[in-house]
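Visitor: Hey, could you walk me through this one? I'd like to know how the chain is put together.
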Amino acid sequence: MTVLVERRAGYRVITLNRPERLNALTVDMGDALLAALADAEADGACRVVLLTGAGRGFCAGQDLAAVGDAPLSDLLEHYNPLIRKLRALPLPVVCAVNGVAAGAGANLALACDIVLAARSASFVQAFARIGLIPDCGGTWFLPRLVGSARARGLAMLAEPLPAENAAEWGLIWQAVDDDKLIGEAVALAARLATQATQGLALTKRALDAAETNDLDTQLDVERDLQAEAGRTPDYAEGVRAFLEKRPAAFTGRSR
Ligand code: T3D
C-alpha cells in the first residue's frame, strides 16, 4: 500500500509509503492520500492528522518515471484536491518531514498546519531543474511564508534548503534532531488531540482567509468565526476550567 493509516487515540498517522522512490507521488498514491484525509475527517474520533514518510525521504514530488504522455495538468487534477483538502480539513495537520521534501513533496508539507522537520531533512523546489514551475501551491505558499526575495531564490535556483534554515526563514515551525522527530511529532499530535478542535479548525479558516483579506474584511471574518467558536461546548468548558483553576477537558465536539 502506498499510503498507510494508523488509528491512534484522538489522531491518525498517515504515512507515505514508497520508500524505495523516496515516496515520490503517483496518481494512485495521491488519490489514496486524499481518501485517507477524507476518512480522517469523517471519523468523529479523529481530532488531528499526522503526516509523515516511510524510509529516508519524506516525498520526492511527482514520480518522474510515471508521468507518461498525459498533459501535466491532468496530474494536477489529482494533486490539487489534495492540497485543497489539507487546507480545508477542519483538523490540525502536523507534518513530520523525515527526509528530503522535493517538488510537489515540499509543497505537500507546506500545505500542512504545523511542520516539523528532521535536522537532516531539506526542502527543494526541484521544479526549475526540469523546466517546470512550483505547483501544488508552491507559488502561493512560498512568498507568503518567506517573502518574495527568498521565494524567487528557492523557486528559480532549486537548491536544497536545510531544515534549520527552513525554520529560521519561517518556512516551517521547527527543525528537531533526527532521532527525536517522530517522538516530538507524535507528542504534538497527541497534545493537539486534547485541545478545542472546533476552535482550532476555525483558527485555521481565519488564518487562511487572512491571506487574501484586508484588515477591515478580516475583522468581520474574526467576528463571525469567533461567534461560532463561542457557541462550542469547548469554549464553555475552557472558561469554566479557568475559573475553577483546573485543566480543561475539551471534547472537540461542535455541540
Ligand atoms: O503535473 C505536474 O505538474 C507534474 C508534477 C510535478 C510536480 C513535481 O513534483 S516536479 C518535481 C519532481 N521531483 C523532482 O524533480 C525531484 C527528483 N529527485 C531528486 O532530485 C533527488 O532524488 C532528491 C534530491 C529528492 C534526493 O536525492 P538523493 O541523492 O538523496 O536520492 P536519489 O538517489 O536521487 O533517489 C533515490 C531513489 O529514488 C533513486 O532511485 P534508484 O536510482 O535508487 O533506483 C531515484 O531515481 C528515485 N527518485 C527520487 N526522486 C524521484 C525518484 N524516482 C522517480 N521520481 C522522483 N521524483
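This is a predicted model: local features need pLDDT of at least 70, side-chain atom pairs count only at pLDDT 80 or more; totals for chains, interfaces and linings use all residues.

Visitor: How is the protein chain divided into domains?
Guide: There's domain 1, covering 3-192, and domain 2, covering 197-243. Their C-alpha centres lie 26 Å apart. The contact takes 12 residues from domain 1 and 7 residues from domain 2.

Visitor: And how many residues are in the largest nonpolar core?
Guide: It has 63 residues. Those with the most contacts inside that core are L33, V49, F58, V97, L108, F123 and L171.

Visitor: Take V97, then. Which residues is V97 in contact with, leaving aside its neighbours within four places in sequence?
Guide: Among them are F58, F123 and L181, and also A109, V115 and L116. Apart from that core lies another of 5 residues, including L202, V221, L225 and A229.

Visitor: Switching to the surface: which residues make the nonpolar patch?
Guide: L64, L72, I130 and L132 make a patch of about 350 Å². I130 sits in the loop between β8 (122-124) and α4 (138-146).

Visitor: Is A158 buried or exposed?
Guide: Buried, because its relative accessibility is 2%. L22, another residue other than glycine, has a positive phi near 50°, and L22 lies in the loop between β2 (11-16) and α1 (27-42).

Key. Residues are numbered from 1 along each chain as its sequence is written. Side-chain values use heavy atoms; hydrogens and water are left out. A nonpolar core is a set of buried Ala, Val, Leu, Ile, Met, Phe, Trp, Tyr and Cys residues joined through side-chain atoms within 4.5 Å. Buried means under 20% relative accessible area, exposed over 50%, partly exposed in between (1.4 Å probe, protein chains only). Contact means heavy atoms within 4.5 Å. Patches are made of residues with over 30% relative accessible area and no salt bridge: like charges are joined within 9 Å, nonpolar side chains (Val, Leu, Ile, Met, Phe, Trp, Tyr) within 5 Å. Accessible areas come from the Shrake-Rupley method with a 1.4 Å probe; for residues, only the protein chains shown count as cover. A salt bridge is a side-chain nitrogen of Lys or Arg within 4 Å of a carboxyl oxygen of Asp or Glu. Helices (H or I, at least four residues) and strands (E, at least two) are DSSP runs, numbered from the N terminus. Domain bounds come from an automatic or database domain assignment.
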